[in-house]
Amino acid sequence: MIYVSELWHFSEQPPAFRVLKPWWDVFTDILSFIMILIAVSGCTVQVMDDRMYCLPQRSPTCPLTMNHDTAECCNSSSISPTASDLESKGVDNNLDLMQYKFIHKICYQTSLHWFPKVFPYIVLMQTIVFIVCSNFWFKFPESSSKIEHFVSILGKCFESPWTTRALSEVSGEHLEDKEASPGDINLVNSQSVSSTQSKIVMDKPAAGSVLDKKECEQAKALFERIKKFRLHVEESNLLSKTYIRQTIMKVFMFIFIIVSNGALVPKISIIITCNVDIQDMTGYKFFCCIHNMAGVFIKLSYFYLFIVVICGAICLYTTYWLFHRSLKEYSFDYVRKETGVNDIPDVRNDFAFLLHMMDQYDQLYSKRFAIFLSEVTENKLRQLNLNHVWSVEKLRRRLQTNASGRLELQLIMLPGLPDALFELAELQAIKMELINNVTIPAAIEQLEELKELSLYQCSLRVDTAALPFLKANLKVLRVWFVGAHELPYWLYVLRNLEELHLIGSLRPSASRIITLESLQELRCLKTLLLKSNVTKIPQAIVDVSSHLQRLYVHNDGTKLVTLNSLKKMVSLSELELVHCDLECIPYAIFSLVNLQSLDLRENKLASIEGIVSFQHLPKFTCLKLWHNSIAQIPEHIKKLVNLERLFFSFNKIEVLPVNLFCCSKLLYLDLSHNDISFIPPEIRFLQNLQYLSVTSNKITTVPDELFLCRKLNTLKLGNNALSVLSSKISDLDMLTCLELKGNHLVALPSELGSCPLLKRCGLLVEYALFETLPLDVREKMTSE
């Protein structure tokens, strides 16, 4: 017994797949079901009652003639009895029942054409092939996985409360947008209309349709799924190619069925002449037979051909639909016009094909699906979710005082700026890290105390209404950037900016070119830090040379070649050229008459004979030459009579020249991490010295003259070869910090107790060495 439901499994798909079945596929499925009924009916009839009935005859031609519509028996007087005789007597053929059965069987096997024997099975096989071709893309693993994923996402999009809310709100705002002036909602550095729409949407939350946190999270996850799915399916045309191929296969199947079955249907005959050589067994050679199911098969075959013709016409239409226009691109123009959300992107390849197929079912699905392709609605969802998570109380708990003494809030990897941020009226500084595609809204005007903004790899836009506030209030801007999109365009118009830090690569490469535009609008700029890889001072910095007071250039080891532009920066008081691969002190520096401090650390300075020119800079007081390769301090350093701070640490100095101690105004002297083995007694001339560090040298003794520098408050002698410390250390009344770790000392002088400001926390020695001090001294140093 053949059940239709078992055969129909070939065409079954999950109910959700119906959105990808256009009307022609639905109609084809109905026709396929009819074709299966034809096949099953034929098979059932054939199995139950497919027989031939034969009578012997003496001539090779059957005396009966019959067409497909009627069956008429004609008598032949020469070879058969009269009609009245047949009615009364019949014909006696002298055959028994077993002989008749034998004749029926042998004639069925030898004389009946093969097509009537297998007609139902041929129809069944052709129908199964047809059904498989119609549903192959739903069954093929690579295509079915994409379809299943797409349908799953589509169902969630259609059911999500966020879809309804977004559609209603953007539609209402679209109407308001038409009435508003275009200038009212302009954005600086806007890439598309999406940022404008995003601002409008976020500024007007619906009062009666607030989503809870769980719904926001679900919608957020749905956005991410759609992004990943889009990237995946837009890479190939597997689905469209599979569908086209199965459609072409159906067309070929249609042609084959029409040609083959059309040629074989006439072979089905009701009356059949049987010629078998069994005369020795039955006494007859010729038989006239009737096929009892031929009439039914003829009707079923023509009805089957009629159904196939309809299917073929549908297949031809499908082929026309597939090729008369490109299905590799899908435009959301109608959705953009209807909703006013102009940033919904067009899609291509398999994604476009799925949407074209879905439109044949219902265009409403595409409209609701498009909401999740829009950056506008995604930004709004992020904002809504952000406001759920970040309350005013939570943000206030994260406030800290930064190095500049300002009250700062740090925001890391957020999808936007929470609305509660603009309610912190006391906020003075904001630090943002890894925050992209966010607009600073006009609400920032509420932060009247805001003076400082730090951006670490952030891509921010500024609302036009917010720009005047930033121009007037922002004093400090720090920007860490990797790409050009992270270098804010609006920084060039911050006319009251006083301090600017730019950290990132500015050197052109094969992948990017980042240029620094003119800073001439920054008329109040006093401090500029550039941590980059430049080979010359950028022209943008030269543009502010007249009023720039502090310039810090920190390179990554790239050689800074052209420095003549420094001569124009006559207002500079502090200059740092760090890690710039300098081999000598640039002569352009000696033209900076207002220079007070110079830092040339981490370069390749070996000789510093040129420092004598610093005597022509009357305000010059600080020289930092640490982390270089200097082996000798020149004798004419004594001419730098105004020098107050001198850094020579991490060099290769072995001998300290006596002339060094002619700089009588020195307050700070750092000679650590060199190869010095002796401190000259002339150090006593540094009567203003407050800080001395000779850590990590090769010093074996400390001259008593050192302790004549009564203003010393910090003395660092660690990691040397000292074996004894003079008792005259008690003369250092101002001493608060003494480092002695890493020496060969056996005991500490008890006179340390005579240093009234020296406490245990300021005495850096090994614990065992500290225990060598008398108990009263230790108690005095450890007391508050």
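Start by selecting Cys54 and Cys289: they form a disulfide, with their sulfur atoms 2.0 Å apart. (A disulfide here is a pair of cysteine sulfur atoms within 2.5 Å.) Before you go on, note that this is a predicted model, where local features need pLDDT of at least 70 and side-chain atom pairs count only at pLDDT 80 or more, while totals for chains, interfaces and linings use all residues. Residues are numbered from 1 along each chain as its sequence is written, and side-chain values use heavy atoms, with hydrogens and water left out.

Back to that first pair. The torsion about the S-S bond of Cys54 and Cys289 is about 110°, so this disulfide is right-handed. Colour by secondary structure and you'll see Cys54 in strand β1 (residues 52–57) and Cys289 in strand β6 (residues 286–291), so the bond ties together parts that are 235 residues apart in sequence. Helices (H or I, at least four residues) and strands (E, at least two) are DSSP runs, numbered from the N terminus. Both Cys54 and Cys289 are buried. Buried means under 20% relative accessible area, exposed means over 50%, and partly exposed is in between (1.4 Å probe, protein chains only).

How many disulfides does the structure hold? There are 2. For the other stop, select Cys107 and Cys274, joined S to S at 2.1 Å. The torsion about the S-S bond of Cys107 and Cys274 is about -90°, so this disulfide is left-handed. Cys107 sits in helix α4 (residues 97–110) and Cys274 in strand β5 (residues 271–275), so the link ties together parts 167 residues apart in sequence. Cys107 is buried at 0% relative accessibility, and Cys274 is buried with a relative accessible area of 0%. Now try Cys133, which is in no disulfide: the nearest cysteine sulfur belongs to Cys315, 9.0 Å away. Cys133 counts as buried too, at 9% relative accessibility.

Next, select residues 349–359, helix α14. Is this helix largely enclosed or open? In α14, 11 of the 11 residues are buried, so the helix is largely enclosed by the rest of the structure. Among them are Asn349, Asp350, His356 and Asp359.

Now for the cores. A nonpolar core is a set of buried Ala, Val, Leu, Ile, Met, Phe, Trp, Tyr and Cys residues joined through side-chain atoms within 4.5 Å. The largest one has 133 residues, and Leu477 and Phe614 touch the most other members. Show what surrounds Leu477: leaving aside neighbours within four places in sequence, its contacts (heavy atoms within 4.5 Å) include Leu453, Trp490, Glu499 and His501. A second, separate core of 79 residues includes Ala39, Cys216, Met253 and Leu355.

On to the rings. The structure holds 26 aromatic pairs. Rings of Phe, Tyr and Trp (its six-membered ring) pair if their centres lie within 6.5 Å; planes under 30 degrees apart count as stacked, over 60 as edge-to-face and the rest as tilted. Pick Trp114 and Phe115: their ring centres are 6.0 Å apart and their planes at 90°, so the pair is edge-to-face. Trp114 is partly exposed at 46%, while Phe115 is buried at 0%. Then select Trp23, Trp24, Tyr317 and Trp321, which form one aromatic cluster.

Last stops: Lys394 has its charged end over the ring of Trp390, 4.3 Å from the centre. Arg760 lies over the face of Phe770, at 4.1 Å from the ring centre. (A charge sits over a ring if NZ of Lys or CZ of Arg is within 6 Å of the ring centre and within 35 degrees of the ring normal.)
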